[in-house]
Amino acid sequence: MTSTLIRKELHQHWWAFLLIGLLSLLGIGWILLFSIMQGQGGSHLIAMRLHAFLLAFSALILGNRLVVAEYSSRTQLFLESLPLPRLRIVLVKFFLGLIVILLSAAGGLSIALVVSARTEVYTPRFIGILNARYLCFAVFVYCFFFGMGFLGRYRFVGYALIIGGITLLTRIRDLQMSDLAPIHLVGGTFPFEREVYPVTSLAITGGLALAFFLLAVALASVREGSVSSLLGERMSYRDKITLTALIFGILSAAYVIDEHKTKAPYQLAGGAEAADTRIARVTVAPTSREARELADQIGKDLDAMADFLGLESMPPIFVIERPDLDPDQFEYGWLDSAEGVIVRTAFRHPDWRYALCLEHLVGDVIENTSHGRAMKEDRFWVIDGFTLYWPHRGDSDAPLDRDRHLLLRALYGTEHLGELRKPGDLHRWFTHQERVGHEITAGIGWSLLRVLEQEAGADAARNWMRTVLATERSPSLISAYRDWETPIDTRFQKITGMSLPEFLGRWNEALDPWRETLAEPLEKLPTIQGKLEFEGEEGATTQVHYDFSPPGETDPEYFTRPVLLYGETAPFEVQLPESQLKRHPLASEESREGWLPETWGSGTGFTWTFAADSPALRCRIISGWRHTHIP
Amino acid sequence: MTDAPATVTPTDNPESLTEESSALRAIGLRKRYGRVSVVNGLDLEVPRGKIYGFLGRNGAGKTTTIRMLMGILKPDRGEIEFFGHRTRRTTTALKRRIGYVSQSQHFYPWMSARQLGRFVGGFYPNWDTAEYDRLLRVLEIPPDRRSSQLSGGMRMKLALALALAHHPDLLILDEPTAGLDPVAQREFLEIVKNQSRNHGRTTLFSTHRIDEVERAADKVGIIDEGVMRYEGDLDDLRAEVRRLVEMPRKPIAVPQPTEPDESDDAPKPPALPLPTVRRENPLAGHDGYELLRDESVPERQQLIYRCTLPSPWMAPMPDGWRIEPLSLEDIFMAYAGLRVAEV
């Protein structure tokens, strides 16, 4: 009986199964292609994102063919007249489709695991997590489309309500869709989470899958299947009008909510406001002569930046004095319900530097005005470089060593990262930041912008910076489509007249002479090394033992005040703000090896690096950030 | 999920064992859709080897009853008895003993008659492929033509072939001739009659057409508003139901007023009908006579009665009344109720 039904389904929907097979092959092809393009860098498992999309599309096809096609043509009435329980009809369809989807998912994941073996170190736990996440997602998408299929013509209403509801929810609550289960399972953390099973996401996704499966069974059985039979009828003209009105209403509501979501400017009681500014609104508190001068200076510089980038607005800036901070420390305040950027710093400290403050403010303002789009990894080198480029702007023809400390950062960074010659090298900017620190990568970014200015001309360089940094449109499907239609590298060539590889070649050529010229200071910049070990019994707390390897004889102008920076990270958090990092000094001979004072529980996220100040670079050099979980 | 064996044995409960001559019985079937009662305590009995005409108007509850008998719908109340086996709902094993032709055919349009035979055969252990091929041949159904390319009559014949090819003990046909042309209707009924005559096949078919029942059925059940109004042999039905008609009444003599003015110009008053005396209904209050329908008009009384006495309608009628035999159509109208709105 069951085999007869299965044969019927295979015969009836052979082309749909064939199409799903082709989609599966397409996904596998993409994984292989991505692996070839990626080479030895980054995680190849990122390619599973497209595979997950194709998997969802396959589930949509299956739900449509197995359920909608049957009930809309009313052939289920023919099946019901045969000696065949109604539930079996539904279960045969469900499990047949589920097997197909799981085969597709398992096939894609297996291939990805094999091709990633060159760059990934697998542990049974990591493979278990990957399998649990991907297969759970596959089961969910299939159950979703299978269940929705039983809503017949009203499934479109269901899709509209679900998409609209999620869109509204994410807009209202400022949530990221990728942070929500089930999308979270195949989201950004998919290739990287090696230790912790996302239990909550798995439970939510599994629960939703079960709910949609039960919906399917209920709709197929309730009132002897008459409900699903009625729902399966074709859409009337009135239904179509209603659906169109519903979708239009949801989109309008999303737009209106988005428009009204603009936060009111933060109100800071007291403080000196910048005078004679056009766009920038700067307040420095508490009121004092220094505060007024600082506000005016920041206002002047940010107004000039707005002119340079063509910005028409920017969030208000609030600088609040906090004398207990180090002069190079900047603490950010997060505004939940008001608009603005708050920075706390010790601006009256004798060693406090204005340029450093401006570097921080420039980055924050652009992140805000570009709605985060300037922060995408493939273009992050621009914003990273611009935070130094703008405070240190000057004659574009001036030699690079006019800002010697920035040039040294660039040279030191490239020395440790290796050659950056391919566009893909710029697309892994976050990895570079983790290896050498964001202040060093900002130096590299600065040198890229300076060389671009010299090679393509000041106007072309400015247009390029405007293109990347002054995107004032809010993120939307249209902007995402434009990004996809014209990739950032193509836009670079259109604006500057150079392809990105060509430019990178010229940039390397421009830096090469400086490597010789500045060989002596570069030699004095040490490579920092050290190791950490975790010791503790199973079930008990763990202690961390550190072993710092000093670089030998060093010049305090290039290497001073070594420390171990570390901190506890929340799940899926890898970076910690400066204020949350702990510092364990390593300057004295006896402190270079030992135990950290704290203990941690098993499974706690832990991030750390050895670091030292380098006055010659006016920034910190690091051994490289490491992220792990306390075993 | 396993099905019960196809062979059905009577239960040990003596109450569930019934007369073996019945192939199918329905006892007190009820079905409601929300507040609407579609079938309301329906009893039905189909004798073995006979053709049962299930007669009723559109919406009377025929299809709902048949879908309950087929196990497609679950009765709210009542029981069904197949070949002595009583159940609340028709099981898969019992369905294998039934051949069913539904009111409208929802075959997979891409399947040919041959493919449909292979598919349907997969659900019946005693499927007879040779018999199916024979039926296709006899019924002149092209085996390799897609079902979507078959005419309505062909599709109905194909459904019949599918219903017969597993040698069912009982054939249930839900308005099988609806939508067929007269020739196809006649052909179809002949096939059903042949099946009964030659193979002793018990058949229940629903229809709203009296001529079909007259032509094919041995027993008739008349359903109206979800209730079985009559069940029995056709000849008995014809003998039991008569129309009692009042003879023309005698007018009461009333003295006419003298006419004062004979001039042509004077307007004449309209002629009034003469008053008459209404005769007393001779069957009112008599046991054994059931009033089915009152068709009286002002001029005379017309009453349709069913006599349930052993020798119906043998007693002489008093003066002023006559008894008329009724056609089956009139009887059906009396049961099903000709509800013409007074417009």
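Which residues line the largest cavity? A:Leu325, A:Gln329, A:Phe330, A:Glu331, A:Glu578 and A:Ser579 do. Keep in mind that this is a predicted model. Here are my notes, point by point.

1. **The cavity.** Sorted by class, its lining splits into two nonpolar, two polar and two charged residues. A:Leu325 and A:Phe330 are part of that lining, and so are A:Glu331 and A:Glu578.

2. **Chain A overall.** Chain A has 22 helices and 15 strands. Its length is 631 residues, and 50% of them count as buried. If you take the contacts in chain A with a separation of 6 or more, 73% are between residues 24 or more positions apart.

3. **Chain B overall.** Chain B comes with nine helices and 14 strands. Of its 343 residues, 48% are buried. For contacts with a separation of 6 or more, residues 24 or more positions apart supply 69% in this chain.

4. **The interface.** How much area is buried between chain A and chain B? The value is about 2,300 Å², with carbon and sulfur atoms giving 67% of it. On the chain A side, A:Phe78, A:Pro83 and A:Glu224 lose the most area to chain B, and together they make up 28% of what that side buries. The contact involves 25 residues from chain A and 28 residues from chain B.

5. **Helix α2 of chain A.** This helix covers residues 14-38, which is 25 residues. From first C-alpha to last it reaches 36 Å, close to the 36 Å expected at 1.5 Å a residue. Its buried residues include A:Phe17, A:Ile20, A:Leu23, A:Ser24, A:Gly27, A:Ile28, A:Ile31, A:Phe34 and A:Ser35. An α-helix has 3.6 residues a turn, so residues three or four places apart point the same way. Among the elements covering the buried residues of α2(A) are α1 (2-12), α3 (48-72) and α5 (86-116) of chain A.

6. **Helix α21 of chain A.** How far apart are the end C-alpha atoms of this helix, residues 500-517? They are 26 Å apart, and that agrees with the 26 Å its 18 residues should span at 1.5 Å a residue. The buried set is A:Leu500, A:Phe503, A:Leu504, A:Gly505, A:Trp507, A:Asn508, A:Ala510, A:Leu511 and A:Trp514. Covering these buried residues are elements of chain A including α13 (380-389), α14 (404-417), α15 (423-426), α17 (438-456), α20 (488-496) and α22 (519-524).

7. **B:Ala161.** Is B:Ala161 buried or exposed? It counts as buried, because its relative accessibility is 0% and the cut-off for buried is under 20%. B:Ala161 sits in helix α5 (residues 152-164) of chain B. Leaving out residues up to four places away in sequence, B:Ala161 touches B:Tyr132, B:Leu135, B:Leu136 and B:Leu139. B:Tyr132 is 29 residues away along the chain, yet the two C-alpha atoms are separated by 6.3 Å.

8. **A:Asn463.** This residue belongs to helix α18 (residues 458-469) of chain A. With a relative accessible area of 38%, A:Asn463 is partly exposed. A:Asn463 and A:Thr496 are 33 residues apart in sequence, and 8.3 Å apart C-alpha to C-alpha.

9. **Cis peptide bonds.** Two places to look at in chain A. A:Ala181 and A:Pro182 are joined by a cis peptide bond with omega of about 5 degrees; A:Pro182 is in the loop between α7 (155-173) and α8 (199-221). The bond from A:Ala285 to A:Pro286 is also cis, with omega near 0 degrees. A:Pro286 lies in the loop between β3 (282-285) and α11 (289-309).

10. A:Arg618 has a positive phi of about 55 degrees although it is not a glycine. A:Arg618 is in the loop between β13 (605-614) and β14 (619-622) of chain A, and is partly exposed at 41% relative accessible area. In chain B, phi of B:Glu225 is near 50 degrees, again positive in a residue other than glycine. The loop holding B:Glu225 runs between β9 (219-224) and β10 (227-233). B:Glu225 counts as exposed, because its relative accessibility is 56% and the cut-off for exposed is over 50%.

Technical notes. Residues are numbered from 1 along each chain as its sequence is written. Chains are lettered from A and ligands numbered from 1 in the order in which they are written. This is a predicted model: local features need pLDDT of at least 70, side-chain atom pairs count only at pLDDT 80 or more; totals for chains, interfaces and linings use all residues. Side-chain values use heavy atoms; hydrogens and water are left out. On a 1 Å grid over the protein atoms alone, a cavity is a set of points where a 1.4 Å probe fits but cannot get out, and a pocket is an open set with protein on both sides within 12 Å along at least five of seven lines; lining residues have an atom within 4 Å of a point. Ala, Val, Leu, Ile, Met, Phe, Trp, Tyr, Cys and Pro count as nonpolar, Asp, Glu, Lys and Arg as charged, and the others, Gly among them, as polar. Helices (H or I, at least four residues) and strands (E, at least two) are DSSP runs, numbered from the N terminus. The expected span of a helix is 1.5 Å times one less than its number of residues. Buried means under 20% relative accessible area, exposed over 50%, partly exposed in between (1.4 Å probe, protein chains only). Contact means heavy atoms within 4.5 Å. Buried area is the accessible area (1.4 Å probe) that two parts lose on being put together, summed over both.
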